[in-house]
Amino acid sequence: MIPEKLQNEAKAIIEKIRSSKRILLSAHVRPDGDAIGSVTGLMKSLEKMGKEVEVALFDGIPSRFSFVWPSEHSIIQGQSLVKSHHDLILILDCGDMERNGITFEYDKSKTAFYNIDHHASNTNFGDINYVDTGASATCEIVTALITEFGLPLDADLAEALILGLITDSRTFSNEGIRYTTHEAAARLLKTGVSTTRILTVLNSGRSIADLKVQALGLSKMKIECDGHLATVVFTEEELKSLGANVGNVFGSGIFNIPLTAQSIFASVVVFPREDGSSACEFRSRGGIDVKQVAVALGGGGHLPASGCNQPIPVKEMSEKAISLMIKQVNAFFENK
C-alpha cells in the first residue's frame with residue numbers, strides 16, 4: 001500500500017521509470033538483506049520492462065545473500081566515484097549519501113536522482129524523496145510500487161524482495177509492525193516464490209567463524225543500567241585470533257541476541273572495520289530510541305535498530321557510544 005501522503009512521489013517515480021531507458025541503482029555500504037533485496041528485486045523488474053539497468057554497490061554483494069543475485073550480471077563495486085550518463089539514479093535503503101559510500105557525477109539537466117527509503121533518519125537528499133518511515137523494509141516499499149503500478153512481478157524477483165522483508169522486520173517480529181508488511185509478503189508469496197533458500201541462510205547459514213564471534217561476544221558481554229543494557233566491544237586482535245572479520249560480526253547475531261534476555265531492553269556492539277575505523281550497532285525493544293544515539297555519533301537508522309561508524313579507535317568509540325546509551329536507557333526508565 002502506498003500512503004496517501006506519498007502518492008505524488010510514487011507517481012513521479014513510476015513516470016520517470018517508464019520514460020527512462022538507462023537506470024542506475026545503488027544502496028548503502030555493507031549492504032544487508034533489505035539493501036540487496038530491494039536493489040536486486042527492482043533491477044529484475046526493470047529489466048523485464050526492457051530497461052538497461054546497472055547496479056553500483058561500494059561493498060558489492062555479501063556472499064550470504066548472493067543467492068538472489070544473478071551471477072551473470074556485472075556490478076560496479078569498490079569505486080568511490082561513479083560517472084553516470086543514466087536517465088535515472090535510484091538510491092535505495094540509504095539514509096544519507098555518506099552512507100552510500102559513492103559520489104555520483106552526473107549532468108543534473110539530464111539525470112534524475114531519486115531517493116527511496118524507510119529510515120526515520122533519512123536526510124531527503126534526492127530530487128524526489130519517497131521515504132515511508134512506517135514501512136518495515138525498503139523491500140516493502142518496492143513491492144508496493146511494483147504491485148500498485150503493474151510493474152513486472154514473478155517468483156524470481158519476489159525471492160529477493162521477501163528476503164528484505166524477512167530480514168529487516170526481524171522475521172515479522174518488530175514492535176509496531178504495520179499490516180502493510182504482511183500485505184506485501186502475501187503479494188510476493190502469491191507469485192509462488194519459495195522461501196526455503198532464505199530460511200536456510202537465516203536459520204542454518206552461519207559459518208564457524210560467525211559462531212565463534214557470537215560465543216566471544218556473549219562471554220565478554222557487560223550489563224549496565226540495572227540490567228537493562230548489554231554492551232559488547234570487540235578488538236581487532238580478538239577478531240583476528242578467531243579468524244574472523246567484520247562480516248562475521250554481522251553474521252553472528254550478536255546485535256540481537258542480548259535482547260532475548262528478560263531484563264535487557266537495549267544493546268550496543270562496538271567493533272573495528274577493515275579500513276581502520278570503528279563501528280557501532282544499536283538494538284532495542286520496548287520503545288527505547290537508539291536512533292537518537294546513532295545520529296549523535298554521525299549515523300542513523302530506525303528507533304529499535306541503528307548504526308554508525310567513525311574514523312577513531314575502538315576504545316574511544318566504545319566510550320562514546322556506551323556513555324550515550326547509558327544516558328538514553330536510564331532516561332527511558334526514569335520517565336516510565
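Buried means under 20% relative accessible area, exposed means over 50%, and partly exposed lies in between (1.4 Å probe, protein chains only). The model is predicted: local features need pLDDT of at least 70, side-chain atom pairs count only at pLDDT 80 or more, and totals for chains, interfaces and linings use all residues. Residues are numbered from 1 along each chain as its sequence is written, and side-chain values use heavy atoms, without hydrogens and water.

Side chains of opposite charge can pair when their charged atoms come close. Here there are 13 salt bridges (a side-chain nitrogen of Lys or Arg within 4 Å of a carboxyl oxygen of Asp or Glu).

Start with the strands. Arg22 and Glu54 form a salt bridge, with 3.3 Å between the closest N and O atoms. Arg22 sits in strand S1 (residues 22-26) and Glu54 in strand S2 (residues 52-56), so the pair ties together parts 32 residues apart in sequence. Helices (H or I, at least four residues) and strands (E, at least two) are DSSP runs, numbered from the N terminus. Arg22 is partly exposed at 28% relative accessible area. Glu54 is also partly exposed, at 30%.

Now move to helix H2. Lys48 pairs with Asp154 in a salt bridge, the closest N and O atoms being 3.0 Å apart. Lys48 belongs to helix H2 (residues 33-48), while Asp154 lies in the loop between helix H4 (138-148) and helix H5 (155-168), so parts 106 residues apart in sequence are tied together. Lys48 is partly exposed at 44% relative accessibility. Asp154 is partly exposed at 25%.
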